[in-house]
Amino acid sequence: MGVLYEDLVVISEAEKPGDSTLITVNCPDKTGLGCDLCRIILLFGLSISRGDLQTDGKWCYILLWVVGKPNTRWNLLKKRLLEVCPSYFSTSEISYYRPQNQEPRKPDVFLLKFWCSYDREGLLHDVTEVLCELELTIKRVKVSTAPDGRVMDLFYITDTRELLHTQHRQQETILYLKDVLGDALISCDIESAGAEVTACSQGLSYLASAITEDMFSLELLGQQRNGFLTSNPISVTIDNNLSPSHTLIQFHCKDHKGLLYDIMRTLKDYNIQISYGRFYASPKGNCEVDLFIMQADGKKIVDPNKQDALCCRLKMELLRPLRVAVVSRGPDTELIVTNPVELSGRGRPLVFYDITLALKVLNTAIFSVEIGRHMIRDREWEVYRILLDEGDGFTVPRNKIEEGVRKVLMGWD
């Protein structure tokens, strides 16, 4: 009778703490499926230690061994993975069960607004953690501290469950926030964002040309002057001799959080199909990736210029999947973090969560936050601008802030 929809994704939980959980995906294939799966796994705070995938162009079979948090909601993870898998009936001859093709609807954006009577260490991170647990995706943030010490937070969010328009879902969100904010919370409201989203995005201040030149450069010459890059050597090679129909691309590099996602999103943006792949991350933090790929027309990549361009882009995406800088903004100190947006419009998950976690660990307070998107060098970037509170007790050097934030973002202890 075929494969049941629920059986497209099977999760075999680890028997002992510390062991890997096996995720099996057996479904119709589509270009970019690997990217979509890796993004969801990254969103749930899990890391992929090993992976195997193969496809005949119509049906794929993927095995992913993941490790991570002991409190992972596996049933919810399975539901989210199923949502990105093409339905079995999309390739079935049984038209009765085939769902009608519909364009995906853009999620509604809501404004979460609350006032707190005072700021405290880690407040913004605690709020971000609650929103992540509730599956509320942060699109933009505006945080301001008034002269009297009160804090106003504006979060532009979407709901993965698409229920935030209901009173029950709004009350649930507010209740969770009350629990984490305690007596500091003065008021909290949720409403449809409407035209305010456009106003918020247009209000994001410009980036200085010197900052953009350094942060968004694709030149690899930075390896010679940046210790971070020289300590992270990456090898990306292409071979057309091992397969009559596929190009083999091989990676040898240091592991980081979301590494497989960074590879997959780049190949997805290039509309490159993967027929067979193998991924392995050693306990020492080294990664090996072998991918047999072909272009959208089903042919190998034989043009040397295309090969060089693809290798260069992949190497840079792995060297600098996120850009981090601590700069002067007049008399103040500003932390800037940027990451590229997929052509599909999705940004990297949990970036703001990791930034606030790093600053909480560093005992560094946040004065204000702006999140928005910029078109820079023909690419869309998600830009996080955090103005740091340099009041009494601010002792963390700028290089330590940059290093600490980068380590958390990359998943390096």
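Mentor: Start with the open sheet of eight strands, ordered β1-β2-β4-β3-β11-β12-β10-β9 and paired in the antiparallel sense. Its edges are β1 and β9 (235-239); each has a single partner strand, so one side of each lacks a neighbour in the sheet. From one strand to the next, the twist averages 15°.

A word on the basis. This is a predicted model: local features need pLDDT of at least 70, side-chain atom pairs count only at pLDDT 80 or more, and totals for chains, interfaces and linings use all residues. Numbering runs from 1 along each chain as its sequence is written, and side-chain values use heavy atoms, with hydrogens and water left out. Helices (H or I, at least four residues) and strands (E, at least two) are DSSP runs numbered from the N terminus. Two strands pair if DSSP finds at least two bridges between them.

Within this sheet, look at β10 (residues 247-254) and β12 (residues 286-294). They pair in the antiparallel sense over eight bridges. K254 stands opposite N286 in β12.

Now the helices on it. Angles run from 0 to 180 degrees between N-to-C directions, with axes as lines fitted to C-alpha atoms, for helices over the stretch in contact. Helix α9 (residues 304-319) lies across β9, β10 and β12, at about 155° to β9. Helix α2 lies across β1, β2 and β4, and runs at about 155° to β1. In α2 (residues 74-84), the buried residues are W74, L76, L77, R80, L81, L82 and V84. Buried means under 20% relative accessible area, exposed over 50%, and partly exposed in between, using a 1.4 Å probe and protein chains only. Those residues pack against β1 (9-12), β2 (21-28), α1 and β4 (59-67); contact here means heavy atoms within 4.5 Å.

Next, the core. The largest nonpolar core has 52 residues, and I23, F251 and L291 have the most contacts inside it. Helix α1 (residues 33-43) gives the largest share, seven residues. Such a core is a set of buried Ala, Val, Leu, Ile, Met, Phe, Trp, Tyr and Cys residues joined through side-chain atoms within 4.5 Å. In soluble globular proteins, nonpolar side chains tend to be buried together. Take F251. Beyond its neighbours within four places in sequence, its contacts are S235, V236, I263, C287, E288, V289, L291, L314 and L318. A second, separate core has 45 residues, among them L123, F155, L177 and V326.

Another open sheet has eight strands in the order β8-β5-β7-β6-β15-β16-β14-β13, again with antiparallel pairing. β8 (185-192) and β13 (323-329) are its edge strands, each pairing on one side only. Its neighbouring strands are turned by 25° against each other on average, direction ignored. Helix α3 (residues 123-133) packs on this sheet and touches β5 (110-116), β6 (136-145), β7 (151-159) and β15 (366-376). Its direction makes about 20° with that of β7. Helix α11 (residues 398-410) lies across β13, β14 and β16, at about 155° to β13. Strands β14 (residues 332-340) and β16 (residues 379-388) pair in the antiparallel sense over seven bridges. T338 has V383 in β16 as its bridge partner.

Last, the cysteines. There are zero disulfides, a disulfide being a pair of cysteine sulfur atoms within 2.5 Å. For C35, the nearest cysteine sulfur is that of C38, 7.3 Å away. C35 counts as buried at 1% relative accessibility. C132 counts as partly exposed at 29%.
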